[in-house]
Amino acid sequence: MKSEETRTHPDRERGHLDREQVLAAATALVKQHGPQALTMRKLAAELGTAVTSIYWHVGNRESLLDALVERTLADLGAIHPTGRAPDRRIVSVARALRRQLRDHPHLVAMVHERGLTERMFLPAQQVLVHEVHAAGLRGTRAADAVRAVQVHVVGHVLVERNRERAPVQRPGEEELWGAQTAEQDPALARALARPVDPEALFTMSVKALVSGLLHTGIGPGT
């Protein structure tokens, strides 16, 4: 006969299970299948425990989603610039933010759906503020630089995802670019007909953006 403690806390039959393990498993399910696939029954099956054990650790499904949002916000806040030169450090922040958004699409969407997008981006913005201050920008120019880098990152990620989800294009770029469309520039035509390398394109474009923001005073209305 089961003890009172076992009936109250059923996962002890299979060994120790803690809240962090439950959240990690829930995060993995959301990351793989999206938040709509996260049910208490499926999570319990994933962990090999009883549904009542999940409730014991994280409460109901809404409480679990709230906990996942907080976990995502904490993870996205951990950005550490690298490099010595100001422009390299800002570029490193942009690249790290892009990787985070790319690595957590379902979790980021869940944060957005719960009205916490601005809070999600605040830690990255604060890191950017520190770096543009260190580069000598202040006031409006500093604010413009922070926003420009953030919008560039988000816009690039959205374009990448749209391209990945789009159906096969007919005609494709390799068919569209030739001597006439490239204004008699065959090297350009060959380059535009090749598949895009998103990482290389993002790095090149954000370097150009940061260079313009730091060194030429480019801003709204310039």
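Student: In this predicted model, why is Leu-192 called partly exposed?

Tutor: The relative accessible area of Leu-192 is 35%, and since the term covers values between the buried limit of under 20% and the exposed limit of over 50%, Leu-192 is therefore classed as partly exposed. Leu-192 belongs to helix H11, which runs over residues 186-193.

Student: What makes Leu-176 partly exposed?

Tutor: Leu-176, which is part of helix H10 (residues 173-176), has a relative accessibility of 45%, and because exposed would require over 50% and buried under 20%, Leu-176 counts as partly exposed.

Student: How far apart are Leu-192 and Leu-176 in sequence and in space?

Tutor: Their separation is 16 residues in sequence, and their C-alpha atoms lie 9.2 Å apart in space. Both residues belong to a nonpolar surface patch that also includes Trp-177 and Leu-188, with about 320 Å² of accessible area together. Beyond its neighbours within four places in sequence, Leu-192 is in contact with Glu-173 and Trp-177.

Student: Is Ser-92 buried or exposed, and how do you know that?

Tutor: Ser-92 has a relative accessible area of 14%, and because buried means under 20%, Ser-92 is buried. Ser-92 sits in helix H6, which covers residues 86-103, and, with residues up to four places away in sequence not counted, Ser-92 touches Pro-81 and Thr-82.

Methods
Residues numbered from 1 in each chain as written. Predicted model: local features only at pLDDT ≥ 70, side-chain atom pairs only at ≥ 80, totals over all residues. Heavy atoms only, no water. Patch = residues over 30% accessible without salt bridge, like charges linked within 9 Å, V, L, I, M, F, W, Y side chains within 5 Å. Areas by Shrake-Rupley, 256 points an atom, 1.4 Å probe, with all protein chains shown as cover. Salt bridge = Lys/Arg side-chain N within 4 Å of Asp/Glu carboxyl O. Helix = DSSP H or I, 4+ residues; strand = E, 2+ residues; numbered from the N terminus. Buried < 20%, exposed > 50% of the residue type's maximum accessible area, 1.4 Å probe, protein only. Contact = heavy atoms within 4.5 Å.
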